[in-house]
Amino acid sequence: MKKKLLTTLLLSASVLLPALTAAEELHIRIDSDASADGTRILVTPFSPLSKVIEADLQRSGRFALVDPTRAGGSSSPEALRAAGAEYAVVGSQSGGLDFQLINVNSGQAVGSFRIPSHPNQRRMAHKAADLVFEKLTGVKGAFDTRIAYVSASGPARNQTYQLIVSDSDGFNPRTIVSSRKPVMSPSWSPDARQLAYVSYESGRPVVYVQDLASGGKRAISDPNRSSISPSWSPDGNSIAYSVADRGNYNIVVANASGGGARQITNTRGINVEPQWASSNTLVFTSDRSGQPQLYQTAATGGGENRISFSGGYNAGASIAGNTVAMVQESGNTSKITLMNAATKETRTISRGSQDDSPAISPNGVMVLYATDAGGRGSLAVASDNGKAHQILYSQAGDVRDPAWSPYLD
Amino acid sequence: MTNSEMSVMNMKLLASSVLAVALAVSGCAPQTTAPGTGGGATGGYGAGTGGAGNNNPYGYGYGSGAGGSGSNYGAGSGVYTPAELSNPNSILAQRIIYFDFDSSNIRPEYMNILNAHASLLSAYPNLRVRLEGHADERGSREYNVALSERRGYSVLDYLQVKGVRANQMDVIGYGEEVPADFGHNEAAWGKNRRVEIKYAGE
């Protein structure tokens with residue numbers, strides 16, 4: 001069943017996306033891990049895209065997908081009920097998708113939707129899954145989003161680094177940077193049209209901003225000083241990053257167009273990985289207490305205080321609403337932990353032993369992170385409740401350092 | 001941009017700890033080059049011409065008055081020459097030093113290598129090196145860039161105490177981005193926690 005789902009996903013990707021071959025060699029395979037509980041939903045095979053909708057819903061950890069063959073190909077409420085579904089997606093496709101979300105017990109449609117035809121067929125499925133998800137959970141869906149990540153391939157000390165952008169499920173990958181020098185730390189602009197990232201192409205780490213449509217890029221940090229870990233502000237006007245000063249790093253906030261850098265932190269030691277918790281608050285990693293911990297500060301500077309207390313090593317925050325995903329290291333293992341910023345409650349959601357670089361979906365429901373899967377650098381996506389978990393890996397290299405886009409329009 | 005009093009103060013602390021290391025090392029590393037050290041002069045770190053102290057942008061100031069004559073690394077007078085950089089049997093062929101976990105302290109067994117490079121560099125002020133710091137894969141990827149840069153500066157501080165001019169050296173932190181060994185175990189991690197000395201033009 002799982003294998004079948006995987007095969008279907010692969011087939012539909014190759015059939016539906018023949019034109020987008022720029023990063024075909026980095027095709028990502030998805031292994032699914034069914035969540036046994038959650039709302040029982042059946043997606044009837046009304047479209048070749050039904051499997052994509054299924055996979056999206058499953059990835060959220062909120063649903064138990066009911067195999068549509070259990071309804072014997074029927075969409076009648078009786079058959080759907082007999083199959084064990086609480087809800088069902090039925091519909092038709094003629095160009096666009098027309099579908100209804102049915103409450104199986106009452107037999108009533110709780111939602112009726114139309115997704116217009118789109119050249120990227122899989123996006124139509126993601127939009128449909130977003131609507132179903134929001135209807136049943138009250139939370140805006142984030143399947144129709146994109147991710148950016150880094151792939152490294154080739155022998156040690158002589159690797160090629162690629163910055164890749166794909167759909168949120170790893171399909172439709174496109175290489176936007178390829179370099180013989182390290183590339184790292186992608187961060188999306190709030191309109192998802194540009195990426196900030198770090199490249200060593202000039203010999204030292206410098207922050208660049210690149211337009212995805214044109215490919216045009218520019219350095220926005222001082223080329224003579226190492227600068228790392230950019231993060232785009234919610235209003236799109238600023239980028240926070242960290243600048244080196246003889247082994248110490250401090251946070252600055254600069255204009256997204258470059259220039260105007262204002263220093264926010266000023267301590268000896270390491271202050272890196274700023275993330276915007278809101279339009280006027282930054283969360284960052286600092287080792288001022290000895291080991292790295294998360295701190296917050298006003299985005300204009302001042303009022304710094306520590307926010308992570310559970311565990312001796314917390315770093316690499318990614319934030320959606322009140323949820324903070326972070327790297328928590330203990331002994332020889334590092335895990336991804338979610339913290340509620342208000343209650344400080346934490347929950348570990350990753351399953352590897354060297355997990356790193358969490359990137360939380362804009363609705364806070366899923367977390368993408370870097371993990372080691374059988375010796376291969378891979379991405380994993382876990383639901384915030386820990387129930388769904390998938391590995392995404394590339395045949396072409398080690399993949400890592402993911403960033404999740406904001407909602408697309 | 002960030003030269004607070006605090007960081008200057010800490011720089012001085014750092015410098016004095018490096019100095020202490022250097023003092024300790026020279027005691028156990030008699031082959032530490034430097035013509036003139038056999039002449040009985042001790043404690044001449046950075047003394048030489050006194051220039052090391054004067055050129056030091058951080059104002060450590062050691063060397064001034066401490067060494068007097070005798071331990072200079074006069075231009076061209078070192079026991080090593082740049083030609084030896086391409087001799088695989090020379091100690092100068094050793095360009096990598098390794099670090100303990102979560103540490104930027106220079107391990108004693110690497111001091112002979114660094115002393116040899118310091119001797120060459122201080123004798124040939126036109127030589128330039130880039131000190132490339134690296135980290136193992138554990139911990140946060142971006143935090144590791146900063147950690148690895150700290151290792152690079154640890155080497156820079158040591159070489160500076162040994163008479164190399166600040167303007168001969170540059171530090172880049174690569175974090176865990178350029179592993180020497182792809183393994184996921186202590187043996188591999190140990191090979192990845194390193195500083196590589198890269199001579200300009202090579």
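**Helix pair in chain A**

I began with helix α2 (residues 50-59) of chain A and helix α4 (residues 121-137) of chain A, which pack at an angle of about 45° with their axes 8 Å apart. The model is a predicted one. I classed α2(A) and α4(A) as oblique to each other, because angles under 35 degrees count as roughly parallel and 65 to 115 as roughly perpendicular. I noted the crossing of α2(A) past α4(A) as right-handed.

I then listed the residues that meet. From α2(A) I have V52(A), I53(A), D56(A) and L57(A). On the side of α4(A) I have R122(A), A125(A), H126(A), A128(A), A129(A), V132(A) and F133(A).

**Annotated stretch of chain A**

I looked up the UniProt record, an unreviewed entry, and found "domain: TolB N-terminal" listed for residues 49-109 of chain A. Over residues 49-109 of chain A I read 26% helix and 34% strand. The end C-alpha atoms of this stretch are 20 Å apart.

**Where chain A touches chain B**

I recorded 38 residues of chain A in contact with 28 residues of chain B. Which strands of chain A supply at least two residues each to the side that touches chain B? I found β10 (183-188), β14 (227-232), β15 (238-245), β16 (248-255), β18 (271-278), β22 (314-320), β23 (323-330) and β26 (356-360). The largest share, three residues, comes from β16(A). I sorted the side of chain A that touches chain B by class and got 13 nonpolar, 15 polar and ten charged residues.

**Sheet in chain B**

I traced an open sheet of four strands in chain B, in the order β1-β4-β2-β3, and noted the pairing as mixed. Why is one side of β1 and of β3 of chain B left without a neighbour in the sheet? β1 (96-98) and β3 (169-173) of chain B stand at the edges and each has a single partner strand, so one side of each has no neighbour in the sheet.

I followed β1(B) to strand β4 (residues 194-199) of chain B and found the two paired in the antiparallel sense over three bridges. I looked up Y98(B) and found R194(B), in β4(B), as its bridge partner.

Last, I checked what lies across the strands. Helix α4 (residues 141-161) of chain B lies across β1, β2 (129-134), β3 and β4 of chain B. I put α4(B) at about 160° to β3(B).

Technical notes: Residues numbered from 1 in each chain as written. Chains lettered and ligands numbered in written order. Predicted model: local features only at pLDDT ≥ 70, side-chain atom pairs only at ≥ 80, totals over all residues. UniProt positions renumbered as here; feature names shortened; annotations may be inferred. Contact = placed C-beta atoms within 7 Å. Nonpolar A, V, L, I, M, F, W, Y, C, P; charged D, E, K, R; others polar. Pairing = 2+ DSSP bridges. Axes fitted to C-alpha atoms, helices over the stretch in contact; angles between N-to-C directions. Parallel < 35°, antiparallel > 145°, perpendicular 65-115°, else oblique. Left-handed = near helix turned anticlockwise from the far one by under 90°.
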